[in-house]
Amino acid sequence: MKILTSTLAEETLVVDSNIPSSILDLKEPHIKESSPIHIHLVAYKDEQAVYVYGSLKTSIFIQCGRCCNWFEYPIEVPHFKFQLNHPIPEEIDLSDRIREDILLALPMIGFCGPDVTNGCFGKDLFKEPEEEKSLHGEGIWKVLEKIKKR
C-alpha cells in the first residue's frame, strides 16, 4: 500500500479499498490467511509531516489451541495511525505498518470460544465454577462460635 506524497500537497487523500492478505506473510503453522484486508485511510500533509489515520479489518483462520480445529478469527484495528516527519520521501509504503498492527492484534493462542458447536473439549473450561463446599461440613462453624464466646 503506497502513497504518493506529491498528491497530498494538493488535497486530503481518502483510501477505501482492499489489499491482499499476503502482505501479512504468515509463516506460523497454526495461522492461515482468510480474507483480504479492508482499509479505510485518510492521509494529509502539512509543512512538517505526513499524517495517515483510519481503520483496518480482516479475518484469518486460527487453529484452536485446545481441540486443533480451525476457526475464523475477525481482526479489527479501529485506530490505525502513522506519522512521518521531514524529510518526506516521494512515496510512502504503509504495508509494513499495516502488517505490524494486524499481527499485534492476533491472540497468542487462539481458542474456539465458549459458544462452540464443533465439540471442542475446551468448552468445559468456560463453565461457571461450582461453589466450593467446606471439607469439614457446617459443624466447624459451631465449634468456632463456642471458642469465640469464651
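Two aromatic rings of Phe, Tyr or Trp count as a pair if their centres lie within 6.5 Å. Keep that cut-off in mind. Ring pairs link Y44, Y51 and Y53 into a cluster. One caution before the details: this is a predicted model.

Let's stay with the rings. How many aromatic pairs does a search of the whole structure find? Two. One of them is Y44 with Y53, and this pair is edge-to-face. The centres are 6.4 Å apart, and the planes stand at 75°. That is how a ring pair is described in general, by the distance of the centres and the angle of the planes.

Now the confidence. The chain has a mean pLDDT of 78. Of its residues, 77% reach 70 or more. Where is confidence lowest, and where is it highest? The lowest is helix α1, residues 5-8, with a mean of 69. The highest is β5, at 88. Where pLDDT is low, the predicted coordinates should not be read in detail.

The largest nonpolar core holds 28 residues. Inside that core, V52 and I98 have the most contacts. Which elements give two or more residues to this core? Four strands do: β2 (13-19), β4 (37-45), β5 (49-63) and β6 (70-85). Helix α2 (95-104) does too. In soluble globular proteins, nonpolar side chains tend to be buried together.

Some nonpolar side chains sit outside, though. W141, V143, L144 and I147 form a nonpolar patch on the surface. Together they have about 420 Å² of accessible area. W141 belongs to helix α3, residues 139-149. Is W141 buried or exposed? Exposed, because its relative accessible area is 56% and the cut-off for exposed is over 50%.

Last, the charges. A search of the whole structure finds one salt bridge. Its partners are the side chains of D25 and K27. The N to O distance is 3.2 Å. D25 counts as partly exposed, at 36% relative accessibility. K27 is exposed, at 65%.

To recap: a tyrosine cluster of Y44, Y51 and Y53, a core of 28 residues, a surface patch that includes W141, and one salt bridge.

Terms used. Residues are numbered from 1 along each chain as its sequence is written. This is a predicted model: local features need pLDDT of at least 70, side-chain atom pairs count only at pLDDT 80 or more; totals for chains, interfaces and linings use all residues. Side-chain values use heavy atoms; hydrogens and water are left out. A salt bridge is a side-chain nitrogen of Lys or Arg within 4 Å of a carboxyl oxygen of Asp or Glu. Buried means under 20% relative accessible area, exposed over 50%, partly exposed in between (1.4 Å probe, protein chains only). A nonpolar core is a set of buried Ala, Val, Leu, Ile, Met, Phe, Trp, Tyr and Cys residues joined through side-chain atoms within 4.5 Å. pLDDT is the predictor's confidence in each residue, from 0 to 100. Patches are made of residues with over 30% relative accessible area and no salt bridge: like charges are joined within 9 Å, nonpolar side chains (Val, Leu, Ile, Met, Phe, Trp, Tyr) within 5 Å. Accessible areas come from the Shrake-Rupley method with a 1.4 Å probe; for residues, only the protein chains shown count as cover. Rings of Phe, Tyr and Trp (its six-membered ring) pair if their centres lie within 6.5 Å; planes under 30 degrees apart count as stacked, over 60 as edge-to-face and the rest as tilted.
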